Amino acid sequence: MKTLLKNIGCLQTPVGSHSHVGAEQGENVKYSNAAIVIEDGIIREILEEGVLPEGSFDAVYDAEGSLVTPGLVDGHTHLIFGGYRQHEIAMKLKGADYLDILRAGGGILDTVRKTREASKEDLYTKSAAFLDEVIGMGVTALEAKSGYGLDLENEIKILEVIKALDERHPVDLVPTFMGPHAIPPEYEGRADEYIDLVIEEMLPVVKEKGLAEFCDIFCEDSVFNAEQSRKYLTRAKALGFGLKIHADEIEAIGGSELAGELGATSAEHLIAITESGQKALAAGGVMAMCLPATSFYLGKTFAPAREMIQKGIPVAIASDFNPGSCPSLNLQFCINLGCLKYKMTPEEVLTAVTINPACGIGRGDRIGTVEVGKQADLVIWNAPDFEMVCYRFGSNMVKRVIKNGILVERRRKK
Ligand code: NIG
Ligand code: FE
């Protein structure tokens, strides 16, 4: 199958298969009046300045002079969950904050109850609809965490849903096991024992079944402390998993320092990161996975992304889609916030939603840039340049999406 995408007004992309650090985070190449030749889902040729390839094609797509970028990569989601938590809005209006709700047995634990009750089929159908929505907004790959099961059976159920979605839905999914997302109600006051259960019972099964590539933990005040996190992540590392950590979301209790020490792939959230945490990430080559829509939704400050770029930490921007702290899967809104709140340039932001998260989920060699040899995952925007995407907010700026060389059908309205 040979395809041509022609009439690209501006093709903007970072270059390479590595995570981009410092000044390189802001380096994108821009081709004008370009065309892309795709063969069997892979980019074979990029032409510039109106040059068109010879030969015949099975399909020809016309970008109509618009901007084209790599497909967006959402490097942090909690995609699979039962129910919703819209009732928390009223609690928040009365002054309850995120950890108050969790400590009172709500929050994540509320979603755990609903997820345990949900069948695999229900979770699959609900999440597949989310994926239809995200691909329509330009996301062609995402990381999905478990963590609303909190026991072996339900954590495996969630990971199997992720696997089935990856096999059947055009969006690529990368699975992360997050058994220690909260202390389950039956282990209340016994976090150490729960960590032992995760290590002894869950990790080996997840490994044996090949259901996750990464392991993550919520290292937070009233959840898991740095020692518990170290114990779990050290075991996960020994089993060959890549490491991720929810660190410094609300309180800085040593999560970033631990990420640096263990050589984690990414530390995520980082709203409250300290100077020593930043040093640890830079020294350990750890990616900062920043989640600006969560800061927005929790009414918190924003992670010091600009400062982290200057300190040589690769920065990625992700949605954190989940039913509690960020019930939005709109990565375009995160792009707006990346510019306005993180003070990142449009080029730095594009890197932060393409090649950097691609590397953060172990896919830098296949996706994240528009280059010969990479997967043809492309977004055609209703915009002449990426600045327009950073500037407009609240609208879906995507015109069409090409996934593995094939034009994604627009979702039909009923
Ligand atoms: O990344 N902080 C922990 N986990 C999610 C929230 C999960 C939830 O509230 O359901 C987060 O913000
Ligand atoms: Fe999260």
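Trainee: Phe 302 in this one: what is its relative accessible area?
Mentor: The model is predicted. In it, Phe 302 has a relative accessible area of 22%, so the residue is partly exposed.

Trainee: And Tyr 342, buried or exposed?
Mentor: Tyr 342 is buried, at 2% relative accessibility.

Trainee: Switching to rings. How many aromatic pairs does a search of the whole structure find?
Mentor: The search returns 10 aromatic pairs. Phe 302 and Tyr 342 form an edge-to-face pair, because their planes are at 75 degrees, with ring centres 6.2 Å apart.

Trainee: Which parts does that pair tie together?
Mentor: Phe 302 is in the loop between helix H10 (292-298) and helix H11 (305-310), while Tyr 342 is in the loop between helix H12 (331-340) and helix H13 (346-352), so the pair ties together parts 40 residues apart in sequence.

Trainee: What about the rings of Trp 381 and Phe 386, how far apart are their centres?
Mentor: Their centres are 6.3 Å apart, and the planes are at 75 degrees, so Trp 381 and Phe 386 are an edge-to-face pair. Both Trp 381 and Phe 386 are buried.

Trainee: Which residues do ring pairs link into a cluster?
Mentor: The cluster consists of Phe 81, Tyr 84, Phe 130, Tyr 148 and Phe 321.

Trainee: Charges next. Where does the charged end of Arg 168 sit?
Mentor: Over the ring of Tyr 124, 5.0 Å from the ring centre.

Trainee: And the charged end of Lys 244, which ring does it sit over?
Mentor: That of Phe 214; the charged end of Lys 244 is 4.6 Å from the centre of the ring.

Key. Residues are numbered from 1 along each chain as its sequence is written. Chains are lettered from A and ligands numbered from 1 in the order in which they are written. This is a predicted model: local features need pLDDT of at least 70, side-chain atom pairs count only at pLDDT 80 or more; totals for chains, interfaces and linings use all residues. Side-chain values use heavy atoms; hydrogens and water are left out. Rings of Phe, Tyr and Trp (its six-membered ring) pair if their centres lie within 6.5 Å; planes under 30 degrees apart count as stacked, over 60 as edge-to-face and the rest as tilted. Helices (H or I, at least four residues) and strands (E, at least two) are DSSP runs, numbered from the N terminus. Buried means under 20% relative accessible area, exposed over 50%, partly exposed in between (1.4 Å probe, protein chains only). A charge sits over a ring if NZ of Lys or CZ of Arg is within 6 Å of the ring centre and within 35 degrees of the ring normal.
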